Amino acid sequence: MAVSSACNPQLLLSHKFPETTYTYTERDVAVYALGVGACGRDAVDTDELKYVHHENGQQFIKVLPTFSALFSLESLPDGLDLPGLTFEPRLLLHGQQYIEVHKPLPSNARIRNKVSLAGLHDKGKAAILEIETRSYEKESGELLSMNRTTVFLRGAGGFSDPSQPFTYSNYPANPAPAMKIPESVPFAIFEDCTQSSQALLYRLSGDYNPLHSDPMFAKVAGFSRPILHGLCTLGFAVRAIIKCICKGDPDMIKNISGRFLLHVYPGETLVTEMWLKGLRVIYQVKAKERNRAVLSGYVHLHRLASSL
């Protein structure tokens, strides 16, 4: 097998990721909720005030399930600086995010992250890298969530025989990413406007990539101005599903899958279309001003709201 300088699969597969710890507080949970638009349209939203305030005497604020996506970010303190992998950071694209929520997240905790390489694929002009992060509550040892992050590394492919391109996965094939958006009328539609400062607020949750804040960096990367974090858009979409399908109950979420299709500019209006298929919600998010799909995927529920 021919190996290019961009990627050495043997080195990557033999790499042992160190365990990391991550401590968060209620303040982090509240800042995250505001970063993904909670109470953005109504500061006393009856469905969302619980994410930022001890509503009606509740002892702890509630945690949005997508907050667990931060664990995967914190589990890689050096980013994707991995042995056997060379790529241009400006050519990295966050392709997909898959999240399993094993129990409702506590409003403050110390997390122990175990990271592994879940997949590596040679696509010729690009390499696809999949990183899996399992996050455990440090004191109890209970598994809280699992994240699988998929990134496209443009220019890092071509490291194997084109007739037999290298591919590796250590998890069962999941047909969900290929799921088609139904042609029927959506079960529910929710429209929400991001703020022009949305990316600046969301970055306070730990993703300080200058693509989302530095105008010159964004222009070099090919955008007219800084763009919104993909995981922020995912947070908006899941929040819409919780409001419209789960009737405000975030604990109904079992797992989440999202495929990032196109960038979003802060200030654009996000329209989330939802189709209910049993316990699965298929969704698509569009940037209203450009009428372009920017995100699609599904959310699997534990149960349906009694009022549906």
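**A helix and its ties**

A: Lysine 243 is buried, with a relative accessible area of 17%. (Buried means under 20% relative accessible area, exposed over 50%, and partly exposed in between, with a 1.4 Å probe and protein chains only.) This is a predicted model: local features need pLDDT of at least 70, side-chain atom pairs count only at pLDDT 80 or more, and totals for chains, interfaces and linings use all residues. Residues are numbered from 1 along each chain as its sequence is written, and side-chain values use heavy atoms, with hydrogens and water left out.

Lysine 243 has a charged partner. It forms a salt bridge with aspartate 47, and the closest N and O atoms are 3.3 Å apart. (A salt bridge is a side-chain nitrogen of Lys or Arg within 4 Å of a carboxyl oxygen of Asp or Glu.) Lysine 243 lies in helix α6 and aspartate 47 in the loop between α2 and α3, so the pair ties together parts that are 196 residues apart in sequence. (Helices are DSSP runs of H or I with at least four residues, strands are runs of E with at least two, and both are numbered from the N terminus.) Aspartate 47 is partly exposed, at 22% relative accessible area.

Now the helix itself. α6 covers residues 230-244, which makes 15 residues. From first C-alpha to last, α6 reaches 21 Å, close to the 21 Å expected at 1.5 Å a residue. (The expected span is 1.5 Å times one less than the number of residues.) Of the 15 residues of α6, 14 are buried, so the helix is largely enclosed by the rest of the structure. Isoleucine 241 also sits in α6. It counts as buried, at 0% relative accessibility.

Most residues other than glycine have a negative phi.

An unreviewed UniProt entry gives "domain: MaoC-like" for residues 194-292. (UniProt positions follow the numbering used here, feature names are shortened, and annotations may be inferred rather than shown by experiment.) That span is 26% helix and 26% strand, and its end C-alpha atoms lie 16 Å apart.

Other charged pairs reach across the chain. The whole structure holds 14 salt bridges. One of them joins aspartate 192 and arginine 41 at 3.8 Å, N to O. Aspartate 192 lies in strand β7 (residues 188-193) and arginine 41 in the loop between α2 (26-35) and α3 (69-74), so this pair ties together parts 151 residues apart in sequence. Aspartate 192 is buried, at 5%. Arginine 41 counts as exposed, at 58%. Lysine 243 in α6 has its own link to the loop between α2 and α3, through aspartate 47. There is a network too: salt bridges that share partners join Arg41, Glu48, Asp192 and Arg239.
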